[in-house]
Amino acid sequence: MYYNNKSMIFKDFKIDKITHIRTGAVDIWIRKEENEWFLYHSCSRDEKSESPEDFKWTRIISDSKTDTITVSPAVPERAVIVQSPDEIIIPEKQSAVFYIEIPLVLHLNIKSRPDIFLVDIPSGFFSNTWYGDLTGGFLSYSLNTLISSDVFTEIPLSSAVSRVTVSNRSGNPVKFRKIAVYVQNMNIYEGANHMLWTDNSSIVFSGNNEVKIEIESKPAEGGKKVFSNHRYSQEKNLLRKGFTVMLKSVTGV
């Protein structure tokens, strides 16, 4: 069975022999034999035909009798780095709002058994990168997506929009081209027309190379919560109150 999802991807899929699911750049093949699940996935910008005979399947054994899986949205487990094609300057005492497309992770589990996890599959091209300096930096994902000052009217079905407010409360203009978005601490919401949004976040430059980051625990466009990020609940509480990091942890410079 073949699903080429040009509608909602986050739903249940009945597995019939070898089932092929394609959304955006991701192809997923799944088959089930008695109590064993076999999964294979690949990521490509072009729709292509691959032969299951050549796959290196991932084999998962469970006691579940169902033949249906649930695909749910999840955020990447690291901060993501996005960049502007041009240098951005925010004068002192000014703020700017940016909208960033975040490719999500496809979280697969057995239907009605969320405790039986199958696999997490990135819905886009996530490149590993070290952000910041050697001592204070961190491992993150570099995304081929842009910082936009305009609200998106349409994005891929497997992505979400993250609204980031950047404020300059220092005594000097702030210049940057890249920015880190701490999406690993965010929830996901479904707004109008099934568009997905993350929590809002704010970045405040306060001077002395210090930056305060805060997650507001609400999306820009309202909507119902469809993914609750329990993995980082303790760290998320710190983010609600705000925490201070060095400038390089946000702009990389």
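The chat below goes from the whole chain to single residues.

Trainee: Before I get carried away, what kind of model is this?
Mentor: This is a predicted model, so keep that in mind throughout.

Trainee: Okay. How many helices and strands does the protein chain have?
Mentor: The protein chain has 2 helices and 21 strands.

Trainee: And what share of the residues counts as buried?
Mentor: 49% of the 253 residues in the protein chain count as buried. As for its surface, the chain exposes about 13000 Å², with carbon and sulfur atoms supplying 48% of that area.

Trainee: What about contacts between residues at least 6 apart in sequence, what percentage of them join residues at least 24 apart?
Mentor: For the protein chain that figure is 68%.

Trainee: Let's talk sheets. What is the strand order in the open sheet of 4 strands?
Mentor: The order is β2-β7-β10-β11, and the pairing is antiparallel. From one strand to the next, the twist averages 30 degrees.

Trainee: Which strands stand at the edges there?
Mentor: Those are β2 (12–14) and β11 (113–122). Each has a single partner strand, so one side of each has no neighbour in the sheet.

Trainee: How many bridges join β10 to β11?
Mentor: There are 6 bridges between β10, residues 105–110, and β11, and the two strands run antiparallel. As one example, Leu106 has Ile121 in β11 as its bridge partner.

Trainee: Switching to the cores: which residues touch the most other members in the largest nonpolar core?
Mentor: They are Ile30, Trp37, Ile69, Leu108, Val166 and Val181, in a core of 58 residues. Another core, of 5 residues, lies apart from it, and its members include Tyr99, Ile155, Val161 and Trp197.

Trainee: Now Glu101. Where does Glu101 lie?
Mentor: Glu101 is in strand β9, residues 95–103.

Trainee: And what does the side chain of Glu101 make a polar contact with?
Mentor: Its partner is the side chain of Ser159, at 3.1 Å. Beyond its neighbours within four places in sequence, Glu101 is also in contact with residues including Leu143, Thr145, Phe152 and Ile155.

Trainee: Nice. What do β12 and β13 form?
Mentor: β12 and β13 form a hairpin with 6 residues between them. In the turn, Gly132 has a positive phi of about 95 degrees. The strands, β12 at residues 127–131 and β13 at 138–148, run antiparallel and are joined by 5 bridges. Among the pairs, Ser127 is partnered with Ser142 in β13.

Trainee: Which residue other than glycine has a positive phi near 55 degrees?
Mentor: That is Glu34, found in the loop between β4 (26–33) and β5 (36–43). Glu34 counts as exposed because its relative accessibility is 73%, and the cut-off for exposed is over 50%.

Trainee: And what is the phi of Lys93?
Mentor: Lys93 has a positive phi of about 65 degrees, though it is not a glycine. Lys93 sits in the loop between β8 (80–90) and β9 and is exposed, with a relative accessible area of 58%.

Conventions: Residues are numbered from 1 along each chain as its sequence is written. This is a predicted model: local features need pLDDT of at least 70, side-chain atom pairs count only at pLDDT 80 or more; totals for chains, interfaces and linings use all residues. Side-chain values use heavy atoms; hydrogens and water are left out. Buried means under 20% relative accessible area, exposed over 50%, partly exposed in between (1.4 Å probe, protein chains only). Contact means heavy atoms within 4.5 Å. Accessible areas come from the Shrake-Rupley method with a 1.4 Å probe; for residues, only the protein chains shown count as cover. Two strands pair if DSSP finds at least two bridges between them. Axes are lines fitted to C-alpha atoms, for helices over the stretch in contact, and angles run from 0 to 180 degrees between N-to-C directions. A nonpolar core is a set of buried Ala, Val, Leu, Ile, Met, Phe, Trp, Tyr and Cys residues joined through side-chain atoms within 4.5 Å. A polar contact is a pair of N or O atoms within 3.5 Å; within protein, one must be able to donate a hydrogen and the other to accept it, and residues adjacent in sequence count only if both atoms are side-chain atoms.
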